[in-house]
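Subject: Structure handover

Hello,

Here is the structure I promised to pass on. Please open it first, then read my notes beside it.

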Amino acid sequence: MAEGPAGEAWLAGLGPVVEELADRWSLAVGRTLTGGTEALVVDVTMADGRQAVLKVNLPARDPSASQLRTLLAARGRGYAEVYAYDPSRGTMLMERLGPSLNDLGLPVDLQLELLCETLTEAWALVPEGACFMTGAEKARSLSDFIETSWRELGRPCPVELIDTALRYAESRRRAFEPTQAVLAHGDSHPWNALQVPGGGSRRFKFVDPDGLIIERAYDLGILMREWTSELLAGDPLALGTRRCRRLAELTGVDAEAIWQWGFIERTSTGLLCARFGWEEAREMLAVAEAWAMGMAE
């Protein structure tokens, strides 16, 4: 509904679109799955009996089709496999996976291990001729967003926090090296890691990638952004430093790069939440402030 007439037209046309795709791909349509915010996701059964999901994206939410291109490049390695797709309609028929890692109630330390294992499998060499946002471009876009949002929101957090985030963003921009980059997920939080049915308790695959040509540390920085309440339960700096070291140990990725991306992501996400008036903004920025002030001492 927030999309206005275009969104209303999309909603009104979903029934016929699903019926057409079900007929084209010989699908038995089941229940609509909940939890998504930018697509209709429906449980389906294929003609050969395989369980799958049909995903119909909101129009213009992925104009470069980076999500689809990432999934196709992965070919099921670390990501849900794509069985069929129609880029003109923004639709995909995909491997049916189990519950998200977030829904399993596991300790955070174990979630970190499982996400790192999945990332290690998912990270891939950049396909020849691939055209995705680069690490340098991502650092610049986040820097611009942080600076603009902070001013437009009336400076909701100390300038020292913003200065640190901008300094780190420039550091990561300068550090981008195409030969060391991978095709990364870009939003590797536990809601986007789904359990593989029959694959054991440690087997997960990712869904909903942003698709970036960037250093591995960026995906690990996303994990520095998550589980805010855990960091606020004690000394945010000490707990954040511990998490950063653990991520570096699990993956062999440089801890300083992980820390910088984590700080940038926590700051930008906190400001994004503030734009929407969400309560998470205050706690997200409180951790970033504790990190900035603690590192300055």
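Let's start with strand β3, residues 51-57. In this strand, 6 of the 7 residues are buried, so β3 is largely enclosed by the rest of the structure. Keep in mind that this is a predicted model.

What does β3 pair with? Strand β2 (residues 39-45) runs antiparallel to β3, and 7 bridges join them. β2 and β3 form a hairpin with 5 residues between the strands. Glycine 49 in that hairpin has a positive phi near 95°. β3 also pairs with strand β5 (residues 91-95). That pairing is antiparallel too, over 5 bridges. Here alanine 52 stands opposite glutamate 95 of β5. As background, strands of a sheet pair through backbone hydrogen bonds, either parallel or antiparallel.

An open sheet of 3 strands has the order β6-β10-β7, and its pairing is mixed. β6 (133-134) and β7 (182-184) stand at the edges. Each has a single partner strand, so one side of each is left without a neighbour in the sheet. β7 pairs with strand β10 (residues 212-214) in the antiparallel sense, over 3 bridges. In this pairing, valine 182 stands opposite isoleucine 214 of β10.

Next, the whole chain. It has 11 helices and 10 strands. Its radius of gyration is 20 Å, close to the 19 Å that the globule rule gives for 297 residues, so the chain is as compact as a globular protein of that length. The C-alpha atoms fill a box of roughly 65 × 45 × 40 Å along the principal axes. Buried residues make up 48% of the 297 residues. Take the contacts between residues at least 6 apart in sequence: 68% of them join residues at least 24 apart. The chain exposes about 14,200 Å², and carbon and sulfur atoms supply 52% of that area.

On to the aromatic rings. A pair of aromatic rings is described by the distance of the centres and the angle of the planes. How many aromatic pairs are there? The count comes to 6. One of them is tyrosine 168 with phenylalanine 263, an edge-to-face pair with 5.5 Å from centre to centre and 90° between the planes. Tyrosine 168 lies in helix α6 (residues 159-175) and phenylalanine 263 in helix α10 (residues 255-276), so the pair ties together parts that are 95 residues apart in sequence. Both tyrosine 168 and phenylalanine 263 are buried. Another pair is phenylalanine 276 with tryptophan 278. Their ring centres are 4.7 Å apart and their planes are at 15°, so this pair is stacked. Phenylalanine 276 is exposed, at a relative accessible area of 53%. Tryptophan 278 is partly exposed, at 45%. Ring pairs also link Tyr168, Trp259, Phe263 and Trp291 into a cluster.

Some arginines are worth a look. Arginine 50 lies over the face of tyrosine 83, at 4.5 Å from the ring centre. Arginine 69 has its charged end over the ring of phenylalanine 132, 4.2 Å from the centre. Is arginine 243 buried or exposed? Arginine 243 is buried, with a relative accessible area of 3%. This residue lies in helix α9 (residues 236-251). Leaving out residues up to four places away in sequence, arginine 243 touches Leu112, Leu223, Met224, Glu226, Trp227, Glu230 and Leu231.

Last, some backbone angles. Most residues other than glycine have a negative phi. Tryptophan 227 is not a glycine, yet its phi is positive, at about 55°. Tryptophan 227 sits in the loop between α7 (217-225) and α8 (228-232). It is buried, with a relative accessible area of 15%. Arginine 75 also has a positive phi, near 55°. Find arginine 75 in the loop between α3 (66-74) and β4 (82-86). Arginine 75 is exposed, with a relative accessible area of 74%.

Best wishes

Terms used: Residues numbered from 1 in each chain as written. Predicted model: local features only at pLDDT ≥ 70, side-chain atom pairs only at ≥ 80, totals over all residues. Heavy atoms only, no water. Phe/Tyr/Trp six-rings, centres within 6.5 Å; stacked < 30°, edge-to-face > 60°. Helix = DSSP H or I, 4+ residues; strand = E, 2+ residues; numbered from the N terminus. Buried < 20%, exposed > 50% of the residue type's maximum accessible area, 1.4 Å probe, protein only. Lys NZ or Arg CZ within 6 Å of the ring centre and 35° of its normal. Rg over C-alpha atoms; globule rule 2.2 N^0.38 Å. Contact = heavy atoms within 4.5 Å. Areas by Shrake-Rupley, 256 points an atom, 1.4 Å probe, with all protein chains shown as cover. Pairing = 2+ DSSP bridges.
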